Amino acid sequence: MAKRRRQTTKVSKSLIECEILRLGHDGRGIAKHEGKTQFIEGALPTEKVKARYITQRSKFDELNTVEILNASPERVTPPCQHADVCGGCSLQYMSVAAQISYKEGVLKEQFKHFGNLTSSEWFEPIVGESEGYRTKARLGVVYVGARDEVIIGFREKRNKRITNIEQCVVLDPRAGNSLSGFRELIASLAIRQHIPQIEIAMGDDSAALVMRHMVAFTEDDLVKLRLFGEQFNFEIYLQPGDASTVHKIWPENTIDRLYFTLSLPELSPPKELSSKNGEVKQRELNIAFHPTDFTQVNSDVNRKMIIRALEWLDIQSTDRVLDLFCGLGNFTIPMACLAKEVVGIEGSDTMVARGRENAELNDLNNVSFAVANLQADFTKAAWVKKGFDKILIDPPRSGALDIVNHISKFKAQRIVYVSCNPATLARDAGILLDKGYKLVKAGVMDMFPHTSHVESVALFEKEKKKRGANG
């Protein structure tokens with residue numbers, strides 16, 4: 001029996017004019033053409049553009065902007081020469097102020113969509129530098145034998161090819177200005193065709209390269225890697241297999257950690273940190289992490305986010321505080337400087353071990369960590385039973401559905417919810433309202449400038465029970 005051929009739809013090669021109505025949640029312009037929805041890359045609201053079809057489907061089309069016929073006042077020249085091709089950033093042609101306004105609109109729309117929620121107060125967005133902010137990245141590497149050329153960069157828009165980036169303006173300059181050096185290093189190696197990616201991680205005073213490789217480096221290659229690390233001040237790690245195989249080769253005989261500091265200068269009223277020996281310490285914390293650990297990529301916004309969360313939680317010296325999805329202690333450690341007791345819960349044994357390491361590093365003895373699956377029934381765990389005064393939730397994109405469904409177990413008066421997905425934040429906010437909490441404040445954080453990623457934070461407080469007529 002002959003195989004049935006898969007039918008393919010021919011894509012029109014003609015250009016069409018589109019009037020952009022608004023931006024979608026992925027940052028693409030939305031237009032209508034003969035009653036059909038169109039998603040148009042590189043277009044802004046109010047603009048009229050010429051666009052070329054990428055795909056045509058029954059219910060919608062996808063197009064790419066070719067020419068701007070009537071530009072939006074919010075259109076700017078992208079700061080990066082690769083903006084039209086590189087998929088790392090999608091909104092560089094939009095002013096930073098307009099990007100933040102767009103992200104606020106996405107959050108408000110999601111709140112309205114899920115139960116017509118509204119915040120009592122929209123706080124001023126948390127922002128930082130729009131360039132040179134990114135402290136972690138994974139770059140693809142391709143060796144093109146026919147041209148004897150090494151390509152390093154992010155995936156291109158609309159395909160899986162790697163953009164050959166000369167300089168990245170959003171990466172920390174220690175990495176963003178060193179891409180040509182990375183390229184020359186890899187081109188000089190004997191196994192250059194067997195290196196699919198490099199991962200970059202930045203601490204405050206140190207930087208690391210993690211080299212993924214499919215075959216073993218030669219001795220000569222290892223010498224070159226160490227010399228590069230020494231010359232350009234990069235710690236060098238190798239990854240021959242999965243994440244468990246990552247190991248450091250330069251500098252030799254040193255701990256495999258990077259560090260960033262967290263200062264707490266804006267907290268009011270002022271509070272001091274107590275160490276194990278009773279001495280008063282400065283309100284500056286050191287957080288250790290392995291280059292492959294999850295950390296926030298925008299260190300400036302991260303610090304401001306932590307201060308905001310602490311202010312909103314209003315932690316008192318008598319409070320017992322819970323940090324859910326605590327990671328390596330990004331919030332847990334600062335909260336332990338203010339509370340009577342803090343409990344950090346995370347699904348990863350590695351991250352729990354890192355949290356304990358950071359508590360010891362900062363001489364804190366009022367914080368504990370435990371491993372738990374927070375996307376399952378955890379209500380019988382020992383750490384649940386005592387209850388908590390305050391809770392911080394910082395879940396993955398899937399949100400904290402199981403947490404909020406069992407939130408009454410904790411009897412907390414105040415909750416701060418940090419989110420990387422406004423849709424799941426809004427969904428969970430609706431459940432929190434059903435559980436007797438009110439949405440007090442909310443707003444966005446520009447953790448990823450020039451992208452459509454929307455990071456946000458919201459404050460919930462327990463509604464006070466109304467007294468009866470005779471009460």
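Let's start in a loop: N366 is found between helix 7 and strand 20. Helices here are DSSP runs of H or I with at least four residues, strands are E runs of at least two, and both are numbered from the N terminus. Before going on, note that this is a predicted model, where local features need pLDDT of at least 70, side-chain atom pairs count only at pLDDT 80 or more, and totals for chains, interfaces and linings use all residues. Residues are numbered from 1 along each chain as its sequence is written, and side-chain values use heavy atoms, leaving out hydrogens and water.

Is N366 buried or exposed? It counts as buried because its relative accessibility is 17%, and buried means under 20% relative accessible area, with a 1.4 Å probe and protein chains only. Leaving aside residues up to four places away in sequence, N366 touches A336, A339, K340, E341 and V342; touching means heavy atoms within 4.5 Å.

Now follow the chain around this loop. Strand 19 (residues 341-346) and strand 20 (residues 367-371) run parallel, joined by five bridges; strands pair if DSSP finds at least two bridges between them. In this pairing, I345 stands opposite A370 of strand 20.

Finally, look at helix 5 (residues 299-313), which has 15 residues. Among its buried residues are V301, M305, I306, L310 and W312. Just after helix 5, D314 takes a positive phi of about 50 degrees.

Methods
Buried < 20%, exposed > 50% of the residue type's maximum accessible area, 1.4 Å probe, protein only. Expected span 1.5 Å × (residues − 1).
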